[in-house]
Amino acid sequence: MVNTNIDIPGLKNGNKKAFEVIYQDFFDMLFYLAVGYLQDRERARELVQDAFMKLWEHRETISNKTNIKNYLYTIVKNSCLNDLREQEIIARNNREYLIPELKYRQEALEAFAASYNEVESLLEIVEKSIDDLPEDIRITFRLNRYENLTYKEISQKLDISPKTVEARISKALKILRCDLKEYLPLVQLFFVFLRL
Amino acid sequence: MHRVLPWLCVKVKKRITLKEQFYHILKGQVSGKERSDFFQELDNNPEERREYMALEKLWVAHKMAGKRTSDKFRKRSFNEFWDNTKKRKGFSIWSAISGAAAIVVISLMVGKYIFPGTWPFSPDMVEFSAPKGSISQIELEDGSRIWLNSGTTAKVITHGIFKTSVDLEGEAFFDVVHNDRREFIVQAGDYSIYDRGTKFNVDYDMERNSITTALFEGAIEFNNEERSLLRDLEPGKMFCFNIDESRISITNAEQEFITAWKEGKFVFVDKTLAEIAEELEEWYDVKFIFKDPEVKEEVFTGVIKRRTSMEHLLKVLRLSSEMQYKIETKEDGSCTVIFK
């Protein structure tokens, strides 16, 4: 199903509840896309607002076939690109040292997932490998990775010694290293950054 | 100190240090020269560039899927969005411009006007103007379209079906549907531009006493009262006619810059802050005060969306210069921006 849990007729009619549901569901995803490439939370929020406003303006043309998530994703991605282009033009005047980064950002964003589905499948590969970990290791790993808990905090929470935590995380990484061969060394690198 | 990835540390110790820099850059913990040096370095190192890009992709994807903003922040944003949907109700087009400054679309019928009898003009002349701070679009019956920039007046005169002329004061973009049997003329004071099936932009600046015309498609002819002054302008070129000196100069015309105003954008090409301030004063209805005369002379080039809030626009300007400013709102609601 393209639009699970989305009230398409409600959106078409401009129903507040229908809009609130998708807003709540997609806001963060869109916001962190924009923050990731613009590195400006305020501007990111503006662009996400504009994307929802565009959906509102065009609500009558929505059909069951419209992939709402991708639609919003594409709008935000494109408006971020435009924003970076504008920033580059402005930087050309007397902040030329900003240009390499702005050029890099445009290139990186253009190369970023063409649709949200692609983002999902990238993460699925990572997720799947984590899901396949033995339960105790998985729980420890997730606490560390998603909730940013330190080894000490995890040890208190799970009532195990910090040494055990360390051993479990280390085990998790060993397994993942095998499972995610294709994405190595990228994924490992990624885990290093998640304060392991 | 955790040593969870000893193999990585031992085997590629040097790389790890660089990768740690990746991490600091990703998290936005590095700024200034160190940061620009990093991206400059990436430019020279395709492999690093590719790796950093892949890492960033994973990083952003991870945040998109897993990170949540606070409920309060999301709720507040939604309410703001919802209020805006109500404000915009009634506009048939997605206006690129906020608040009172909406694009006005007017349909002009030849010989039969929308409000017959209410125009205080003779039947074959209609005057349109874009008030300061807004852009108007006029659509003629044949599908030709005219955009009027802020503060521009255009008198559209139809002489039966064989001739249409537009008396222009200010700046306008013309997208004329070609018709062999009809003349289309833009009149700028004593001078005229004949259309030959065309997209072009005319800026009749009465203060500077100049006419600047950029041609994007088709052909035009530029005449004074007696004779033709220019007839072989190529698309992609523009001419600037200095009326006092009676001198024409031809340069390349970058459409993106020249017509950005009609997409609801501010266009500044080598403009001083004083000139920019003048334009912004009209648009945002604020007053600008310069404490430091040097700041006035700072030059900027750029295109900025008009719906950008003034605060954001000032931030963007500050990004490219060292200027400091302060916004003061008075009791009566009027707003002043002070540059230090």
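Predicted model: local features only at pLDDT ≥ 70, side-chain atom pairs only at ≥ 80, totals over all residues.

Q: At what angle do helix α4 of chain A and helix α6 of chain A pack, and how far apart are their axes?

A: Helix α4 (residues 68–94) of chain A meets helix α6 (residues 116–131) of chain A at an angle of about 100 degrees, and the axes are 8 Å apart. Angles of 65 to 115 degrees count as roughly perpendicular, and α4(A) and α6(A) are therefore described as roughly perpendicular to each other.

Q: Which residues make the contact?

A: On the side of α4(A) they are K69(A), N70(A) and Y73(A), and on the side of α6(A) they are Y116(A), N117(A), V119(A) and E120(A). Sorted by class, this contact of α4(A) with α6(A) comprises 3 nonpolar, 2 polar and 2 charged residues.

Q: Which residues does F112(A) touch?

A: Leaving aside residues up to four places away in sequence, F112(A) touches L33(A), Y37(A), Y73(A), K77(A) and V119(A) of chain A, together with K57(B), V60(B), A61(B) and M64(B) of chain B.

Q: How is an aromatic pair described, and how many aromatic pairs are there over all chains?

A: A pair of aromatic rings is described by the distance of the centres and the angle of the planes. Over all chains the count is 34 aromatic pairs. One of them, formed by F19(A) and W82(B), is tilted, with 6.1 Å centre to centre and 50 degrees between the planes. This pair crosses between chains, from helix α2 of chain A to helix α5 (residues 71–88) of chain B.

Q: Is F19(A) buried or exposed, and is W82(B) buried or exposed?

A: Buried means under 20% relative accessible area. F19(A), at 0% relative accessibility, therefore counts as buried, and W82(B), at 10%, also counts as buried.

Q: What kind of pair do F31(A) and Y32(A) form?

A: Their pair is edge-to-face, with 5.3 Å centre to centre and 75 degrees between the planes. F31(A) and Y32(A) are both buried. Ring pairs also link residues into a cluster, among them F19(A), F31(A), Y32(A), F52(A), F73(B) and W82(B).

Definitions and conventions:
Residues numbered from 1 in each chain as written. Chains lettered and ligands numbered in written order. Heavy atoms only, no water. Axes fitted to C-alpha atoms, helices over the stretch in contact; angles between N-to-C directions. Helix = DSSP H or I, 4+ residues; strand = E, 2+ residues; numbered from the N terminus. Parallel < 35°, antiparallel > 145°, perpendicular 65-115°, else oblique. Contact = heavy atoms within 4.5 Å. Nonpolar A, V, L, I, M, F, W, Y, C, P; charged D, E, K, R; others polar. Phe/Tyr/Trp six-rings, centres within 6.5 Å; stacked < 30°, edge-to-face > 60°. Buried < 20%, exposed > 50% of the residue type's maximum accessible area, 1.4 Å probe, protein only.
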